[in-house]
Amino acid sequence: MTNKVALIGAGAMGGAIGTRLVETGNHLTVFDLDTTKMRELVDKGALPAASAAEAAAGSDYVILSLNSAKIVRLAVFGEGGVAGGASPGTVIIDMSSIDPEATKALASEAAEKGLRWVDSPLSGGAPKALVGQLTLMAGGKEQDVADAYEVLRHVASNYTHMGPSGAGQTTKLINQVLCGLNFLAVAEATQLALDAGVDAAKIPQALKGGRADSAILQEYMPRFVVKDYRRTGRIDNMVKDLSGAQDLARRTNTAMPLTALCAEIHRMLTAAGLGGEDQAALMEFFKGPNKDIVQ
């Protein structure tokens, strides 16, 4: 049976998810305020919608790929939102990365309208979405999470039910703490290797399989070496996620000194105008008076 899916948000991540869903035979309707982004998916076989409500009408699943809890709320419960077009029982799958407490409130409000809510943030970025290898951490009722997998199996190779609403978002914050610190550690190690005259491009292979190995080391050290800043993510999105982790830490009274430092470095780069750049641009933090200037 062909899944009828609505996609709200066709940015870099949503576009990749939508592309994969179309390629795997799903019936996709897309809505985005940016018609250019929407058109890219329409050209691949998706149907366009004039509003989130129109996209949700007739769809069994609604996937959200948006930038903040405020935008998610507007897209679902605002004028022309998903709730205005979705039928009772529709599964809303929020793949955005937002605050766990906001997610709990959204899920509760959706339930009052007869809609089901699964928070399913992701790890792996657009490249993994395109080949169906995302890692997803889900929160919500057991049956809703199981039903959401009927669609999410097309984009994910690892899908874990973490608990009730908000548990997926909490897990994503933990994921981002680990990623943020790893990105920064690998960037710092790359600069040390470059300054010490070691062939840094050989380090990922030299350390492969050892305790220092990681997916970020393998993918990003080669990019750090040549300052390959092509965009697969954004520094300012990491600021958002690390800020969310710090907010959670304040609520749980958890000391996170390394996360605080990592967040401040990301904020400094954002203030310097690099917020829209990929994590590879962390190398700009290590520039000194004798470092090469990237044009």
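Predicted model: local features only at pLDDT ≥ 70, side-chain atom pairs only at ≥ 80, totals over all residues.
Let me begin with His 154, which, once its neighbours within four places in sequence are set aside, is in contact (heavy atoms within 4.5 Å) with Asn 3, Arg 20, Leu 21, Thr 24, Asn 26 and Gly 132. This histidine sits in the loop between α7 (142–152) and β9 (156–163), where helices (H or I, at least four residues) and strands (E, at least two) are DSSP runs numbered from the N terminus. At 11% relative accessibility His 154 counts as buried, the scale being under 20% relative accessible area for buried, over 50% for exposed, and partly exposed in between, with a 1.4 Å probe and protein chains only.

Residues are numbered from 1 along each chain as its sequence is written, and side-chain values use heavy atoms, with hydrogens and water left out.

What does Ile 17 touch, not counting residues up to four places away in sequence? The list is Ile 63, Met 95, Leu 122, Ala 129 and Val 155. I would also mention Leu 134, which is 117 residues from Ile 17 along the chain, with 9.7 Å separating the two C-alpha atoms.

Now to the domains. The assignment, whose bounds come from an automatic or database domain assignment, gives domain 1 (4–164) and domain 2 (170–284), and their C-alpha centres lie 27 Å apart. Eleven residues of domain 1 are in contact with nine residues of domain 2. Between them the domains bury about 920 Å², 53% of it on carbon and sulfur atoms, where buried area is the accessible area (1.4 Å probe) that two parts lose on being put together, summed over both. On the domain 1 side, Ser 97, Pro 100 and Met 137 lose the most area to domain 2, and together they account for 42% of what that side buries.

What polar pairing is found across the interface of domain 1 and domain 2? There are five residue pairs in polar contact, both residues at pLDDT 80 or more; the criterion is a pair of N or O atoms within 3.5 Å, where within protein one must be able to donate a hydrogen and the other to accept it, and residues adjacent in sequence count only if both atoms are side-chain atoms. The rule also finds one salt bridge across this interface, a salt bridge being a side-chain nitrogen of Lys or Arg within 4 Å of a carboxyl oxygen of Asp or Glu. The side chains of Arg 251 and Asp 99 meet in a salt bridge at 3.4 Å, N to O. As for the domain 1 side that touches domain 2, α5 (100–112) and β7 (122–123) each supply at least two of its residues. By class, that side has six nonpolar, three polar and two charged residues, with Ala, Val, Leu, Ile, Met, Phe, Trp, Tyr, Cys and Pro taken as nonpolar, Asp, Glu, Lys and Arg as charged, and the others, Gly among them, as polar.

Side chains of opposite charge can pair when their charged atoms come close. By the salt-bridge rule, the count comes to 15. One of them joins Glu 109 to Arg 73, with the closest N and O atoms 2.5 Å apart, and this pair links distant parts of the chain, Glu 109 lying in helix α5 and Arg 73 in helix α4 (residues 69–77), 36 residues apart. Glu 109 is partly exposed at 24% relative accessible area, and Arg 73 is partly exposed at 33%. Another salt bridge pairs Asp 236 with Arg 234, with a closest N to O distance of 2.8 Å. There is also a network of salt bridges that links Arg 223, Asp 228, Arg 230 and Asp 278.

Finally, some backbone angles. Lys 227, in the loop between α10 (215–226) and α11 (235–252), has phi near 55°, a positive value in a residue other than glycine, and at 24% relative accessibility Lys 227 counts as partly exposed. Asn 253, in the loop between α11 and α12 (257–274), has a positive phi near 60°. Is Asn 253 buried or exposed? Asn 253 is exposed, because its relative accessible area is 73%.
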